[in-house]
Amino acid sequence: MSETDSLKQESRMFEPPADLARNAAISGMEGYRTLCAEAERDYEGFWARLANENLAWHKPFTKTLDESAAPFYKWFEDGQLNVSYNCLDRNLQNGNAGKTAVIFEADDGKVTRVTYQELHDKVCQVANGLKSLGVKKGDRVVIYMPMSVEGIAAMQACARIGATHSVVFGGFSAKSLQERIIDAGAVAVVTADEQVRGGKQLPLKAIVDEAIGMGGCEHLKSVVVYRRTGGNVAMQAGRDLWLHDVTANQPATCEPEFVGAEHPLFILYTSGSTGKPKGVQHSSGGYLLWAMLTMKWTFDIKPDDIFWCTADIGWVTGHTYIAYGPLAIGATQIVFEGVPTYPNAGRFWDMIARHKATIFYTAPTAIRSLIKASEADANVHPKNFDLSSLRILGSVGEPINPEAWMWYYKNVGREKCPIVDTFWQTETGGHMITPLPGATPMVPGSCTLPLPGIMAAVVDETGNDLPNGQGGILVVKRPWPSMIRTIWGDPERFKKSYFPEELGGTLYLAGDGSIRNEKTGYFTITGRIDDVLNVSGHRMGTMEIESALVAHPLVAESAVVGKPDETTGESICAFVVLKRARPEGDEAKQIAKELRDWVGKEIGPIAKPKEIRFGDNLPKTRSGKIMRRLLRVLAKGEQITQDVSTLENPAILDQLKQAQ
Ligand code: WTA
């Protein structure tokens, strides 16, 4: 039975705990249906009401949704607000000044608490510091930072002055960083000397230097460096400044720059099926509204909650559910610098127990690796820890298999915490399809039902609705406030990628396959339908990895496919043809290592192929098209049962069976 078949048959249902349901923001399925009905009845009225109730507007909006230039939708366009004002000042006015905003735990276990007042002051000083360097409204700032209060403050400071940030994950290489600095046209980079993860110090500033050294970054005026470790870094006079110097004499207040609701809050690069990474551009008003609402609806956040999202600020989850959502709602959150396996694989459970976390949000890949670790070492099993503070668990980034779901439910949630399996994307800004902890009966492996106001559907290749029980393409039928606005600098690509003509041009194409259960209508995500891989919850395009490989002087051609992996969900398998004879034995091993390191340098360590296989050629049709379907079968180690008679070179398949 395939994974999809087993998911279709998955029929265990878990009801939300009654006391949680009673007090939840959306209580029971009736509460959910009431909101859905309101959105159906008066779509714009529904969003207008929520935007007025949840956001502090400097100037109120008069028009909710402008569809005149569809698919370039505009929400609340003539309204003005400031995102950082909504996240910080509003909390000071609401009596939350002394409330802990962030419980920061460093890699070595050192804990620092920051109140809303302190965070406000810090953000204002960074904002003033950036202004003193000439950064102004509309400028782009690249943030290449470790998980830190300073990283969050840098994002909030940009929002405060109306600069658009683009956070680049600290695991990306100099080359990737350079491409993003250039594409965004950044005037400043905020970075740190080094980051610390799993007891190791890893350079950041040195990588920034290398990136700039590659050229093309003439628009970049300043590099601001947060001193995290005190490690040795080179500072270039006239360009590089220490964060503590830039902020030293700055006042702890900074008048927020009020911007239009459509002003780009950030650009975040993500992988598509073709070409270079795309800069997903998000708005200020609609984005923040959805960050707040999903904190309320999906996480049922309450004033006393201790919220913990384990994502990195370099990914969208760290934007919406660390840097913005929890602050906008006035929550207390844990921010963790390190990794789940250091000093041992009990780190997450130990932190939940020590900080009394009530809501815990992590990725299936982390859960699966911690299951493995606790099987190998009973001491790190969650049963050894007091996890009684937990009330809600969450999962994000990739499909969670029913086995991992059950383990999470039993061993971490002790069968009393609902699991919100949140399906969403960089492009959607926030959750789209997810159970509600006080309403939705849960089925392991299903993200259940769309949030109120999200018109998700499953359609065929021409955009027609499919009946429940039939697998198809996941789409969203109506625009929603936190949706992607455009691809930075490439509106045509935005239209083509997300609103393709084949589907009629009005449906948002998520890029995932889905099937709805015949009885419940629940959605199950069946994986990407394009050439995007999901390795440990990290999105990568096969084309990106292929281009990196062929950039190596030895490589003539390559094809990259995903292979199912027990821990990481998918792993990268690269088929490579060299410009010289196919290597074997030790030579093959050595070249494979060289190519892996090369990809690590070109993109980042997360993109290194787990497997590399060499061939004299790749399986191609007579017209020269690479048969990726066959390569996927080979990667899995399965027998090829398809007809291969149309192949130019069927004998090549035998060569490609072996991994190096
Ligand atoms: C996948 C991460 C199944 C999906 C927030 C999507 C999921 C891609 C889930 C987006 C889930 C994310 N169940 N699949 N709960 N959540 N995905 O942009 O393939 O890094 O298209 O955003 O991750 O990845 P991204």
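**Aromatic rings**

I began with a cluster: ring pairs link Y43, F46, W47, W57, F61, W75, F76, W290 and W297. I'm keeping in mind that this is a predicted model.

My search of the whole structure turned up 39 aromatic pairs. I picked W57 and F76 from the cluster. Their ring centres are 5.9 Å apart and the planes sit at 65 degrees, so I logged the pair as edge-to-face. Where do the two residues lie? I found W57 in the loop between α4 (43-54) and β1 (65-66), and F76 in the loop between β2 (74-75) and β3 (80-81), so the pair ties together parts 19 residues apart in sequence. W57 is buried, at 15% relative accessible area, and F76 is buried too, at 0%.

Next I checked F299 and F307, an edge-to-face pair with 5.0 Å from centre to centre and 65 degrees between the planes. F299 comes out buried at 0% relative accessible area, and F307 is likewise buried at 0%.

**D312**

I placed D312 in the loop between β16 (306-309) and α12 (316-328). What does its side chain reach? I get the backbone nitrogen of G314, at 2.7 Å. D312 is buried but has no salt bridge; R197, the nearest side chain of opposite charge, is 4.2 Å away. Setting aside neighbours within four places in sequence, I list M147, F169, R197 and G318 as its contacts.

**Record check**

UniProt (unreviewed entry) puts "domain: AMP-dependent synthetase/ligase" at residues 95-480. For that span I noted 30% helix and 22% strand, with the end C-alpha atoms 32 Å apart.

Terms used: Residues numbered from 1 in each chain as written. Predicted model: local features only at pLDDT ≥ 70, side-chain atom pairs only at ≥ 80, totals over all residues. Heavy atoms only, no water. Helix = DSSP H or I, 4+ residues; strand = E, 2+ residues; numbered from the N terminus. Buried < 20%, exposed > 50% of the residue type's maximum accessible area, 1.4 Å probe, protein only. Lys, Arg positive; Asp, Glu negative; His and termini not counted. Salt bridge = Lys/Arg side-chain N within 4 Å of Asp/Glu carboxyl O. Polar contact = N/O pair within 3.5 Å; in protein donor to acceptor, adjacent residues only side chain to side chain. Contact = heavy atoms within 4.5 Å. UniProt positions renumbered as here; feature names shortened; annotations may be inferred. Phe/Tyr/Trp six-rings, centres within 6.5 Å; stacked < 30°, edge-to-face > 60°.
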